[in-house]
Structure formats: structure tokens, C-alpha cells
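Have the structure open as you read.

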Amino acid sequence: MTARATTGSFPLGVVILYSASSVPGRRRRLTAAVATALAVTLGAGVLAGAPATAATAVTAKTGTTAAKPVALKATDRLDAVGATGFVSGGRWYAYADGGSLPLTAPSYDSAGGDVVATGDASTLRASRVVKLHDMGTGAAPVAVDLGALNARYVQAVGPKALLAQVTLEDGSTELRLVTAGADGVTQRKVAGVPAGKTWFTASTPLNGSVAVQYFSGADATRRAHYAVVDTATAEAVSTLTTSPAHDGGVGLSATHVLAATTKGTEGHRGFVALDRATGEETAVDLGLDTDLVTGLTGSWATYATRTGLTDEGMMDEPHKALVPLRARSLANGETVRLLDHVTKVLTAPDGSLIAEGGTTKDDEGFYRIAVDADGKPAARLVASKGVPTEVVHRGTDIPYSATRLDRNPTLKWRFSRVNIDVHLTLRNRATGTVFSYTMPISTESAGSPYHYGDNTVGITWARIAELSQLGRDARSGVYEWTIRAVPQNGVGPDLNVSGSFQAGHAADLHDIKQNGGPSLIVRDPAGQMKRIDTRYDAAAKTLKATGPAVAGGGGWGAYDRIEAAGDVNHVDGGDVVARDRDGFLWLHEGGGSRWSPTFTPRKRVGDGWNTYARFTGGSDLNGDGLADLVAVDAKGDLYLHASTADTSALYRARKKIGHGWGIYDRITAVGNVAGAAAGDLVARDKDGVLWLHLGRGDGTFAPRTRIGGGWNAYADVVGIGDADGDRVTDLLAHGPNGTAFFYKGTDDWKAPFAPRVASPALNGAGSYDIVS
């Protein structure tokens, strides 16, 4: 088609545009990163009503946007927009103050000004009765019975008028302007639309005009046509034909008409824009078959692939590139990124756009897109859903039982959304063994074994063992984890988060068999070491032996102090340190299997320990995940020996952390008894008063708190860890003749232990001079 000049006079608001194809000598090609633009510049023939030069989009009216964004629910959706408010979630909200009124209907549309059209079906096109609500005046809604007119809704254009597609008696259709008045409904055929056209759609009204899209032909010959209609006179002129056709909608601004297109056998989506002043056509092919969302404000076209925040299914990189909403200048091809994703774009009565989407800066909500003083469009939040756009880590749920890997714990992480692929890496800090795995997450009906509901992702230790040597080894010690969460829909950046947990926790220093129950190390007067395995009896609410004492070897009479030290080497269960009478400190590493644990021959790990009157170990006192020792010398000074987990130099040089501890005749490391930063100590003074010193997590302790009296009835106190599985550290106190008492932890630092319950754990086991 060649360009044609048209003469005559036209009513205000009607703009005649031109359809253009290949014009010899007048075609030029524009290039862009993702699009090919074809432009044809037409000559004379611009008619009355068309802008003489390219205009700038109208910015948002002063006072129509609240200083504070309107507060919405996370599930609210953008349904319609007006000059001073919008419809969402069945309510009309005012920009100025966020006030709202109910406006409940199955379907909505914007009709210009503050007029909103509602339908009685899920879409306006399927509705029989359409109501026009003027939210600006609060007038009673005007109802139009389209069913009685044998008509389908196309576009509301005012408080009493709409465009409709009417089916005639012979089966043909025509576009009519339907107006409700005091004397009933009147209809006027829209002049300038050829007969036989179908599937009319239209833009939101702008300054008394709408751009109408309609179709002709079928299948391979189907074509889309566009016209601008004056809503006062019901006159239209065909303006543009696209080939092949796409019913993606049409947009209108003061400077351009915009139409979405589909091209080629691959179904590539794009858009065509026609300059209302010059007739110049710009075609942009985005090169992908995608669900395109377009908009038009002034001489800027916006485009993106329609992407919901929680849409699932991994996108390829070309599609991800189209997820952010961008604006492209129809004057010079410049692009501006506006939103990180978008689901809907509507045109406001002032020519700006209202988009539903989000940014990592301002999160999810509705944004007004208008041209700033610098001539470029910008997006500003006008209504907030209070939902982050980027993926956010909400917390880690690694149960206490994770410290007992044989119990098949589930490691869980919570996120703001779970349409993500989770790249997990686990590393055993001591051995350096690494497990890496990608967990694809889906909430669809088929589900995912890694999705636990409530935006929670997890993996069982059994699955880790199935996939890796690290899982099969199931060694105790500190495990470091890192996660990279990649949004499947391309919305927002990757999330990187890390942390750690401890298997064979210091609070479980007596879990020598790695079965979740404490074992006691005892020595008889003949120097024989034995192991007494125990379990918690829930009915009796106390600790009981699971069987006879298990012989562990002779020669332990050389020691004057034996201490269960926790898993100091992070290999295969709890270890024991012992001091001989010459002051040498020896390590007996736990070995064997969890069903038949043994201790290796001793290894010397220190000397000069006879300077200490007493010492204790097994707790992580400085927050590094390693079981440390503390000792009190003859002067009453308290020293920390921080662990290294390296058995060739097991403890660091001592560090003085306190004084005045000579008042105590017993100190016991008990683990974290009340939720403080790290391991705690209980100490008994010479009057039998028991005191608690909460650990600060840096190897030092808070001032003491009295927690009981009469404890001089006991020979010693043993921090046995969590015996009853409630995540709280418990105590066992023992006296003469095999007597013992179980003290259940309460998790209250002011009264950390419940009243004692007699324990038969040592009954009938013989006479022991050391219990640890």
C-alpha cells in the first residue's frame, strides 16, 4: 500500500493514520540488540487533529499519587485504572489517601476518567449486562443490556457510552457506539469500519479517542486492522494492517498507535507502532514466541514477557532477557529498564501507564510509568503488596536431631517463594568432604521431593547418603552449607546464603555410640575403664542403663582425672582426655563402629596439666563448633584451652579468662543449658551451693547465678547432654554406692534444672571412683 494524502475536515479527537508497506526508495532498517525495526517515512498528508510534531507523554497529574503507596494484600490484582484511583481485589482505591470503596464484580475494565466498567461474567466480552460506574461523582451506575442488543462488549468510553460488536440478522457484525440516555439506549454504527470485520478490541479512551483493532480473513489470510475512533461522533478511519495478525491488543497515545504482532512460522512476537504525526511505521520483532505484555505512553513503547512472581518452570536465557519491563523510544530506539517483571499494564486517562509487577528496590505492587522531565519514562510505586520481588531467605530449620545423622534428619530452609532451583553444597569442616546437588522445586501436582510446603525446601540425610560419600560417612562435626537459589522465572537476582550446623554436638559429648543416648565412662578401683550406655525412660522420667557395663580396657588407674571431651577430632563419636599423675594430658580417640565403639591407644596432647586443681571439657565455649577445655589452677585462675580438632596439637595455648574460681571444688561443662551464646559451666562451692555461669560465646562467662543448694551430697556432677530428646541439656549427679539422680533441663537460665529423679543408671554396676 502506498501512502495517500486525505483531505477534508474531521472532528476534534479523530486522528487519521496511514498504513504503509514497502515503498521503493523510502525504506530503512534500524538495528537493536533484540529487535529489527522497519521504518517508512511518509510524506505530506497529515490531517487536522493529528499532532504536528512528536509530543511528550503526559506525566501523572499533580496530586493523583499518594506520598505513601496504597497498602494492598499480597493476592490483590490490578483490574482497572482511573484518573484518581484504581480497582483491585473488589475495591476502588484512591491514590491520594488510600481510602477504598467496595466494587465487586466478576470482571472490570477502564473506561476513561474515573469510570469503571463491570460485567456479569468472567470477562466483559462474555457479559450480558455491563454497568458503568463513575467513581469520581459517585453517581448510580448505568446498566447496558448488551444481550438485548445481540451485542458483545468492546470498550467502555465514558460514564454512559460503550463500543459494542453487534451481530445483525444476516449474521454479519458491525461496530456500534451504544449510549444510555434518559429515553433509553441509542446505537450508532461507527463510520469508516468496513463490513465483515470481526473480533473488535480497543484501547483505553484517551482525549476522546480510542484505537480499535479488528480482523478480516481466516487462517493464513487473517489480518489485523486498526482505526482511531472519535467517541463523540462515532467516526473511524482504517489506519494500519499487520500481517500475520495477532490479537494482543492495541494502545493509543498522543503521538502513536501501538499494536502487538506475531510474525513468521515460529510465532515471533513483537509490536508495530505508527507515528500519528508523520505516519512513520516502526516494527519490532522480539525474536521469541512469548506471552507479550505491551503498553504505550507518548513516544515510548513498553514490552515484556508476562511473568508472575511465582510462575514455575525454568526459562532459557533469551526468554529471561524479556522478563524485565522495558520502554523503547520510538524516536531513536533507546531502551530504559522499568520493572524486574510485569503481569499487566493498563493505560491511565492521563496517558501514563499503571503496571502490576515489582522491583527488587520497592518490591511487589502497582507502579505508575510516566515520562520524567529528562524525557525518559520512570516507574514509581503507587500501591504496595508488601511482598519482596527478590527471593528472600526466611530462616533455616535444621532440627536438633540433625546432630544425630543416623536418625535421618531433614535439613530445611524457608524462602519468600519456592519457584527456584536450589543449588546446595555441604562440606564437613574437619574432613573437607563436599556434597553438591541441585534440588529442582515444583509445587505442581507431580510435586517435588524437596518441597515441604509453606515455602520450605528440604532434603533428608538418607537422600544425601544415597547421593554422596559424605552422606554415607555421616561423620560427626561441623557441616558448612551454602545455597544458591536461582529463580526459575528469571525474576530477581540469584540468592546466596550460607550457614553451618554441628553433628555430634558439644552438648552431646556423651553420645559415644552416636545413637542419641548418653554413655557414661567409669573406672573401677582396679583401673578398669567401662562404658555404661543409657537411655531416657519417658515413663519413669529418668535415665536408665540399657544393659551391663561394657569393658573398655585396663591401665586406666594411671590417671587422676578422666573427662569425656566430646568429639574433639570430629571423627566417629566422642573422645576422652585423661591426666596422669605426672601432669601429662592424653587423648583416647573414639573408634570402632557406632554399634561397638572403642577407644584407640592413648596419644599425648599436653604436659604441665598438674598445675591445675580441676578441669572440665566437652562444650564449645568460643562458638567455633569445637569442644574446648577449661581449667582452674591452684591460685583459682580460670583458663581456656581452645580446641583445634588437630590431634597433633589438639589445644591452643591457654588463655586466662577469669579469677577467683578457687572457691569451687567442682566445675562441669554442661553445654548450652539455656539458650545463651555458647557452652555454659556449673560450679559447686565448698558449701554445696551450685552456681551457673552462662557462656558469652567468646570463651568467657557471665557473672554467676545461684541455681541450687545441698549439692555437696554428690561426689560429682556430669553434663550428659540432651538425654530425653527435648533439645535441652540435662545433668546426672552421682554419690556413693552407685546412687545417681537425673536432673532434667528446663531451658530457663534462672532455674535450669527440674527437681531430681532417682536414676538406676549406676545401680549394681559395682564401685567406681570416677564417673564421667
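This is a predicted model: local features need pLDDT of at least 70, side-chain atom pairs count only at pLDDT 80 or more; totals for chains, interfaces and linings use all residues.

We'll start with strand S10, residues 129-134, which pairs with S11 in the antiparallel sense over 4 bridges. One of the residues to look for is Lys131, whose bridge partner in S11 is Ala143.

Zoom out a bit, and you'll see that 4 strands make up an open sheet, in the order S8-S9-S10-S11, with antiparallel pairing. At the edges sit strand S8 (107-110) and strand S11 (142-145), each pairing on one side only. Neighbouring strands of this sheet are turned against each other by 25° on average, direction ignored. As background, strands of a sheet pair through backbone hydrogen bonds.

Take Trp481 as an example. Leaving aside neighbours within four places in sequence, Trp481 touches a whole list of residues, among them His393, Trp413, Leu424, Leu426, Val497 and Phe501.

## A tucked-away serine

Last stop: Ser88, in strand S5 (residues 85-88). Is Ser88 buried or exposed? Ser88 has a relative accessible area of 0%, so it counts as buried.

The side chain of Ser88 reaches the backbone oxygen of Arg77 at 2.8 Å. Beyond its neighbours within four places in sequence, Ser88 is in contact with Asp76, Arg77, Leu78, Asp79, Tyr93 and Phe366.

Technical notes:
Residues are numbered from 1 along each chain as its sequence is written. Side-chain values use heavy atoms; hydrogens and water are left out. Two strands pair if DSSP finds at least two bridges between them. Helices (H or I, at least four residues) and strands (E, at least two) are DSSP runs, numbered from the N terminus. Axes are lines fitted to C-alpha atoms, for helices over the stretch in contact, and angles run from 0 to 180 degrees between N-to-C directions. Contact means heavy atoms within 4.5 Å. Buried means under 20% relative accessible area, exposed over 50%, partly exposed in between (1.4 Å probe, protein chains only). A polar contact is a pair of N or O atoms within 3.5 Å; within protein, one must be able to donate a hydrogen and the other to accept it, and residues adjacent in sequence count only if both atoms are side-chain atoms.
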